[in-house]
Amino acid sequence: MFLPSKKMLAIILLCLGVHSIYAQQKDNSQKCRYTKTAYGYLMVMREGDNVLALIENLTKEQQIPSANFTGIGFAQEVTFGFYDFDQKKFNPKTFKKVEMGSLTGSIAWNEGKPSIHIHGVATDDKFDAYGGHILALKVGTGSMEVYITVNNEKLERKIEQPLNANVLQLPCLK
């Protein structure tokens with residue numbers, strides 16, 4: 001029993017298309033997200049990547065004692081939080097399809113887990129800028145680059161009152 005040639009051609013093209021999509025997804029998932037540098041790490045994240053989660057994962061994997069970082073790139077979505085001192089919580093606002101003109105932050109530890117503190121500035125297609133404390137960040141079309149400079153000393157964050165803020169703790173100089 002033979003299929004008509006048009007149906008056979010359609011099935012072959014469908015199979016090739018599915019294989020091509022699978023290969024692209026597999027290729028993208030296997031791309032390196034970071035590399036070691038003389039002073040720390042360079043991360044290159046791609047569309048859909050959760051920036052805070054990947055920085056946290058790198059911190060755990062490489063046991064980074066503390067660090068500071070900067071970055072730039074495209075965001076599918078960024079959620080900024082403005083801290084309400086009376087209610088002691090962040091009021092979030094999300095922006096979509098923006099360019100992160102600047103990211104800056106620090107890495108420390110809190111109760112055995114990485115503690116990422118990140119601020120940034122995003123601009124839209126009208127060149128309006130928004131910024132502040134970043135609560136969530138997902139990479140958009142293109143990529144996002146983050147340069148991490150590692151510090152030798154392990155630093156901790158602790159919740160301090162009366163603001164209920166997660167504050168970086170510094171060792172006193174002797």
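Analyst: The account below starts with the overall layout, goes to the core, and then turns to the rings, the loops and the cysteines.

This is a predicted model, in which local features need pLDDT of at least 70 and side-chain atom pairs count only at pLDDT 80 or more, while totals for chains, interfaces and linings use all residues. Residues are numbered from 1 along each chain as its sequence is written, and side-chain values use heavy atoms, with hydrogens and water left out.

The protein has two helices and eight strands; helices (H or I, at least four residues) and strands (E, at least two) are DSSP runs, numbered from the N terminus. Along the sequence these elements follow the pattern α-β-β-α-β-β-β-β-β-β. Of the 174 residues, 30% are buried, where buried means under 20% relative accessible area, exposed over 50% and partly exposed in between (1.4 Å probe, protein chains only). Among contacts (heavy atoms within 4.5 Å) with a separation of 6 or more, 62% join residues 24 or more positions apart. The accessible surface is about 11700 Å², and carbon and sulfur atoms hold 58% of that area; accessible areas come from the Shrake-Rupley method with a 1.4 Å probe, and for residues only the protein chains shown count as cover.

Now the core. A nonpolar core is a set of buried Ala, Val, Leu, Ile, Met, Phe, Trp, Tyr and Cys residues joined through side-chain atoms within 4.5 Å. The largest one here has 28 residues, and those with the most contacts inside it are Val-78, Met-100, Ile-134, Leu-137 and Ile-148. Two or more residues each come from strand S2 (40-46), helix H2 (51-62), strand S3 (66-84), strand S4 (89-110), strand S5 (113-123) and strand S6 (129-151). S6 gives the largest share, six residues. Ile-134 shows what such a position touches: beyond its neighbours within four places in sequence, Ile-134 is in contact with Leu-52, Val-78, Thr-79, Phe-80, Met-100, Leu-103, Ile-118, His-119 and Gly-120.

Aromatic rings come next. A pair of rings is described by the distance of the centres and the angle of the planes. Rings of Phe, Tyr and Trp (its six-membered ring) pair if their centres lie within 6.5 Å; planes under 30 degrees apart count as stacked, over 60 as edge-to-face and the rest as tilted. There are five aromatic pairs in the structure. In one of them, Tyr-83 and Phe-85 have ring centres 5.3 Å apart and planes at 75°, so this pair is edge-to-face. Tyr-83 is buried, at 15% relative accessibility. Phe-80, Phe-95 and Tyr-130 are linked into a cluster by ring pairs.

Charges also sit over rings, which requires NZ of Lys or CZ of Arg within 6 Å of the ring centre and within 35 degrees of the ring normal. The charged end of Lys-36 is over Tyr-41, 4.8 Å from the ring centre, and that of Lys-154 is over Trp-109, 4.7 Å from the ring centre.

Ser-115, in strand S5, is buried because its relative accessible area is 7%. Leaving out residues up to four places away in sequence, Ser-115 touches Ser-106, Ile-107, Ala-108, Trp-109, Asn-110, Arg-157 and Asn-166. Leu-155 belongs to the loop between S6 and S7 and is likewise buried, with a relative accessible area of 13%. With residues up to four places away again left out, the contacts of Leu-155 include Pro-65, Trp-109 and Leu-168. Leu-155 and Pro-65 are 90 residues apart in sequence, yet 6.6 Å apart from C-alpha to C-alpha.

The loops hold some backbone exceptions. Most residues other than glycine have a negative phi, and most peptide bonds are trans. Glu-111, in the loop between S4 and S5, has a positive phi of about 55° and is exposed at 77% relative accessibility. Phe-127, in the loop between S5 and S6, has a positive phi near 70° and is exposed at 72%. The peptide bond joining Gln-161 and Pro-162 is cis, with omega about 15°; Pro-162 lies in the loop between strand S7 (156-160) and strand S8 (165-169).

Last, the cysteines. The whole structure contains zero disulfides, a disulfide being a pair of cysteine sulfur atoms within 2.5 Å. Cys-32 is exposed, with a relative accessible area of 62%, and Cys-172 is exposed, at 71%.
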